[in-house]
Amino acid sequence: MSIWKGVALAAIGIVALAACSQQQSAAEAQRKADAAAIKGSERVMDAKRDAANAEIKASEAVAKAEDKAVAQVDSAQANALQKTANAEVKVSLAQAQSNYDVAVAKCHTLAGGDFNNCKNQAQADLDAAKAQAAVTRQDVKSEANELKN
């Protein structure tokens, strides 16, 4: 019977050893699972941080582009304002010069002091038109500079 006892004890030892190995394997597996969960959480946190940084950078780029676009529109409006005003001033000055030429031609029908008064009045009207043109140009220039700034 001692052989059977030895065989029985050996079998019990093998089963006990197998059970211990499985418990160590289960503990090792749990440790590995915990480590993997921690590593996964770190990756998720890194990805979230990267996504937040990307969103911030994208928002900054959009704001910068919007600022640039607004500045370009303002500049274009200022240039258009100046060009339009300069064209209108040119028309006004051409009309004033035409009015002067017609008035002086009519003044030649007058004699003496009336001629001089007529010509002086035509010159005064032309000078007033030129002064108004200068004021208009300056006003438009100031307004255009405000748009650009």
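The protein chain exposes about 11600 Å², of which carbon and sulfur atoms supply 59% (areas by the Shrake-Rupley method with a 1.4 Å probe; for residues, only the protein chains shown count as cover). The model is predicted, so to speak of local features requires pLDDT of at least 70 and side-chain atom pairs count only at pLDDT 80 or more, whereas totals for chains, interfaces and linings use all residues. Residues are numbered from 1 along each chain as its sequence is written, and side-chain values use heavy atoms, with hydrogens and water left out.

## Exercise 1

State how many helices and strands the protein chain has, and what share of its residues is buried.

Solution. Step one: the chain has two helices and zero strands (DSSP runs numbered from the N terminus; helices are H or I with at least four residues, strands E with at least two). Step two: of the 149 residues, 9% are buried (buried is under 20% relative accessible area, exposed over 50%, partly exposed in between, with a 1.4 Å probe and protein chains only).

## Exercise 2

Solution. Step four: apart from neighbours within four places in sequence, Ala 122 is in contact with Tyr 100, Ala 103 and Val 104 (contact means heavy atoms within 4.5 Å).

## Exercise 3

Locate the disulfide and give its handedness.

Solution. Step one: Cys 107 and Cys 118 form a disulfide with sulfur atoms 1.8 Å apart (the criterion is a pair of cysteine sulfur atoms within 2.5 Å). Step two: Cys 107 lies in α1 and Cys 118 in α2, so the pair ties together parts 11 residues apart in sequence. Step three: the S-S torsion of Cys 107 and Cys 118 is about -80 degrees, so the disulfide is left-handed. Step four: Cys 107 is buried at 0% relative accessible area, while Cys 118 is partly exposed at 23%.

## Exercise 4

Describe the two salt bridges of the structure.

Solution. Step one: Arg 31 pairs with Glu 28, the closest N and O atoms being 2.6 Å apart (a salt bridge is a side-chain nitrogen of Lys or Arg within 4 Å of a carboxyl oxygen of Asp or Glu). Step two: Arg 49 and Asp 46 form a salt bridge at 3.1 Å, N to O. Step three: Arg 49 and Asp 46 are three residues apart in α1, so about one helical turn separates them.
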